[in-house]
Amino acid sequence: MSVRLRGRPDAGTVFIDTDSAPRVLHCGESLLEARLPVGTRVVYPRPPIAPVSDAHEAIREAIENPLGCDPLPAQLRPGMRVTIAMDDISLPLPPMERPDVRQTALEVLLPILAEAGVDDIHLLVANSLHRKMTESEMRRAVGDDIHREFYPDRYYCHDAEDPQGLVTIGTTPHGERLRLNRRASESDLLIYLNINLVPMDGGHKSVTVGLCDYESLRPHHEPQTILDSDSYMDPARSALSRKCERMGRLVDAALNVFHVETVLNNRMYPPELAFLAKNEDDFDDRDRLKLRAARLALDRLPWSARRAFFQRLPAPYGLIGCWAGRTEPVHERTLARCFEQYAVAVEGQCDVLIAGVPYISPYNVNSILNPVLVQVMGPGYLFNLYRGRPLVRRGGVLILAHPCYDAFDTASHPSYVEFFHRLLPETRDAFELRERYEESFARDPRYVAAYRHGHAYHGAHPFFMWYWGENGRRHLGKIIVVGAENGYVPERLGWERAASLEEAIAMGRSHVGRSAEVTMLHLPPIVIADVA
Amino acid sequence: MIGALGPGAAFYDLDGTLVRTNLVHVLLFYARNDRGLLKSLQRTAVSVAGIPLFFAAERVSRQAFNEVFFRFFRGLTADRLRLLAEELWEQVLEPALRPEAAELIERSRAQGLRQVLVTGAFDLAVAPLVRELGFDDCGANRLDLADGRATGHLVPPVMAGAAKAGWIRAYAEREGLSLGSSYAYADSLSDLPMLSVVGRPTAVNPDAGLRRVAREQGWPVLWLS
């Protein structure tokens with residue numbers, strides 16, 4: 001059992017002592033074990049909140065007792081046109097065990113609609129500029145029966161490049177024009193089915209981003225908005241959220257939206273890997289054996305097999321809350337519950353922050369975490385997992401663990417290759433990249449065709465991913481990566497490379513001083529650090 | 001600097017790329033529509049019998065394929081070839097056009113790119129397609145004619161493999177276009193030179209060989225219907 005060296009630790013944090021066990025870090029599709037220096041603070045996720053006993057019942061209860069509007073059955077009339085939009089493959093992460101919460105919610109919603117005589121129903125995946133889901137992914141999300149009944153004519157993905165399929169909703173007082181999916185906009189009722197995993201999701205972002213076109217994203221998917229967000233995981237201090245809310249008011253004025261938001265707990269590991277969420281000092285013999293076996297097996301497999309191993313392990317998430325009704329009151333409740341699960345109080349900033357980068361991000365489900373996506377995980381999401389103050393101080397050091405392989409899935413991320421290999425050698429300046437290249441990538445006919453007719457992210461998507469790291473890049477003094485299999489990917493990202501975590505910490509200390517406070521963020525599951 | 005590149009063009013292969021058909025469909029169409037029932041039956045039978053030969057020749061090289069393949073057009077008149085080209089478009093090529101092809105060309109044109117077809121088919125056969133899809137230019141094979149009849153040979157250079165790349169390079173130079181900002185779309189490993197000569201190559205419904213190259217090179221891959 002580790003001795004708590006520095007005063008009373010916060011719940012969810014431990015301090016490393018001389019007899020502490022090595023800590024386990026994700027490093028892409030492998031696991032690292034590292035002994036951290038004595039005094040290192042390790043921040044752990046909260047334990048999973050117990051799920052509701054009956055998910056169907058919880059969703060039904062929310063729909064029948066909505067916030068800020070009439071119950072759903074009272075809003076229905078025979079012959080009306082209804083569209084049910086839902087989050088795409090990026091949520092939850094990793095994909096959850098069947099039944100997916102989308103299926104559960106639809107099993108509640110569809111009979112209510114049928115009973116009211118509503119038969120003009122379309123199911124719409126709100127994938128925005130993300131890749132369209134494959135048929136098997138779509139089947140998995142809603143279950144075989146619903147898929148059979150609706151796919152493909154009445155269950156399909158949003159197409160942000162279909163000129164006939166979009167309609168202008170209006171322009172905000174700030175000049176931000178919003179265009180949305182025509183079917184959703186021209187429906188008598190738009191039901192949005194959200195899965196809230198992190199606090200930047202949901203609320204007005206669901207419709208205004210999930211169902212919009214490239215031009216409508218540009219006002220907030222840009223570097224200055226990210227710089228003005230402190231952080232984008234904290235909606236109260238996020239310029240991104242504020243802009244989505246402005247656009248959301250246009251939606252509220254023009255459309256009848258009934259929002260259904262669900263919150264999942266953080267039980268993301270299946271039982272055989274559940275030890276990865278534990279404090280290593282609490283490992284029993286079985287946990288240690290499982291860790292050794294997993295490391296041995298993974299280290300001997302090629303990358304593709306390791307990837308397949310992790311991607312075949314769905315998460316046993318449980319529903320811990322559901323609210324329905326008007327977007328804003330619903331989202332307020334959702335956020336509160338979300339923070340209840342994810343927020344961990346942390347006393348003070350650190351000088352050096354360590355985090356392992358896992359194999360998955362919202363943008364590479366069933367695909368490869370390419371170098372640009374590794375970047376969005378580091379100075380992007382991992383840096384932004386805070387409220388109040390960043391977990392690492394200004395000018396501090398972020399140490400990441402990832403192989404940084406130069407691998408791209410050209411079916412999913414065709415424009416990422418050109419972005420990484422042609423643009424980044426020229427400049428890493430997000431404003432310059434936006435100014436000079438973003439629009440040409442967005443209009444590139446190959447990328448438009450790959451997005452529309454294949455399963456590719458939109459041509460402009462790697463730019464957004466680069467902007468996502470802008471506040472982290474500006475804030476941090478140095479980013480060091482451990483476990484990189486080559487030197488040029490880290491170099492191109494503007495990072496330094498270390499052979500081991502010990503060396504990375506030494507490099508970090510030489511940058512911020514020998515008395516540096518070192519903190520490790522032990523994730524996944526996700527932690528939002530409430531930094532006092 | 002990428003931003004300093006001049007205007008470019010989009011170069012498209014035809015068979016297997018923009019249309020689902022290939023040269024053999026064109027040959028069979030002309031054979032089926034030869035003058036008189038007997039001639040038509042005879043030419044169709046000969047053409048069908050020649051299909052294994054085409055496959056064998058293509059395994060040797062695209063050049064060998066062309067030499068064998070275009071012999072089957074020997075004796076057809078230029079007028080007949082031209083006349084039947086309109087029906088070829090309506091009955092064979094247009095129905096086989098990939099539904100996304102016209103949109104790809106349209107978006108490409110909207111980007112200010114010159115639209116150019118580069119094909120191993122012969123010019124008379126693809127003239128209606130060039131017109132209907134609004135191509136600005138076309139680099140195609142030309143049948144050698146003597147006394148108004150096809151001799152069964154092509155006028156050199158034969159448009160295949162590296163010759164397509166050479167044609168594109170010469171075209172770009174003549175027209176003052178930047179190859180670095182140009183696009184090429186093709187489906188077959190035999191079109192690798194054509195794809196390699198431009199800055200923005202794209203594999204469309206690629207064969208196994210091209211798929212492997214595209215994966216290694218990080219080229220975009222389009223799967224059109």
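1. Among the contacts in chain A between residues at least 6 apart in sequence, 79% join residues at least 24 apart. The model discussed here is a predicted one. Of the 532 residues of chain A, 57% count as buried. The C-alpha trace of chain A spans about 70 × 50 × 45 Å along its principal axes. A compact globule of 532 residues would have a radius of gyration near 24 Å, and the 23 Å of chain A therefore agrees with that expectation. In secondary structure, chain A has 21 helices and 20 strands.

2. The buried residues of H10(A) are Leu240(A), Ser241(A), Lys243(A), Cys244(A), Met247(A), Gly248(A), Leu250(A) and Val251(A). The elements that cover them include strands E8 (166-171), E9 (177-181) and E11 (257-264), together with helices H7 (204-210), H9 (223-227) and H13 (327-342), of chain A.

3. Two of the covering strands, E8(A) and E9(A), pair in the antiparallel sense over five bridges. Within this pairing, Thr168(A) has Arg179(A) in E9(A) as its bridge partner. The hairpin of E8(A) and E9(A) has five residues between the strands, and Gly175(A) in that hairpin takes a positive phi near 85°.

4. An open sheet in chain A is formed by three strands in the order E13-E20-E15, with parallel pairing. Strands E13 (343-346) and E15 (386-387) of chain A are the edge strands, each pairing on one side only. Four bridges join E13(A) to E20(A), residues 528-531, and these strands run parallel. Ala343(A) stands opposite Ile528(A) in E20(A).

5. The largest nonpolar core contains 234 residues, of which Ile399(A) and Phe11(B) touch the most other members. Helix H14 of chain A, residues 371-384, gives the most to this core, with eight residues. Leaving aside neighbours within four places in sequence, Phe11(B) is in contact with Val116(B), Val118(B), Ile168(B), Ser182(B), Tyr183(B), Ala184(B), Met194(B) and Val198(B).

6. The contact between the chains takes 17 residues from chain A and 20 residues from chain B. On the side of chain A that touches chain B, the elements giving two or more residues are helices H15 (414-423), H16 (430-443) and H17 (445-453) of chain A. H17(A) gives the most to this side, with six residues. By class, this side of chain A has eight nonpolar, four polar and five charged residues.

7. Most peptide bonds are trans, and most residues other than glycine have a negative phi. A cis bond joins Asp230(A) and Ser231(A), with omega about 0°; Ser231(A) lies in the loop between H9 and H10 of chain A. A cis bond also joins Leu523(A) and Pro524(A), with omega about -5°. Pro524(A) is found in the loop between strand E19 (518-521) and E20 of chain A.

8. Backbone angles in chain B also call for comment. Asp147(B) has a positive phi of about 55° although it is not a glycine, and this residue lies in the loop between strands E4 (143-146) and E5 (149-154) of chain B. Asp147(B) has 7 other C-beta atoms within 10 Å and is therefore exposed. Asn205(B), likewise not a glycine, has a positive phi of about 40°. Asn205(B) lies in the loop between strand E7 (200-204) and helix H9 (208-217) of chain B. With 18 other C-beta atoms within 10 Å, Asn205(B) is partly exposed.

Conventions
Residues numbered from 1 in each chain as written. Chains lettered and ligands numbered in written order. Predicted model: local features only at pLDDT ≥ 70, side-chain atom pairs only at ≥ 80, totals over all residues. Contact = placed C-beta atoms within 7 Å. Nonpolar A, V, L, I, M, F, W, Y, C, P; charged D, E, K, R; others polar. Pairing = 2+ DSSP bridges. Core = buried A, V, L, I, M, F, W, Y, C linked by C-beta atoms within 7 Å. Buried ≥ 20, exposed ≤ 12 C-beta atoms within 10 Å, placed from the backbone. Rg over C-alpha atoms; globule rule 2.2 N^0.38 Å.
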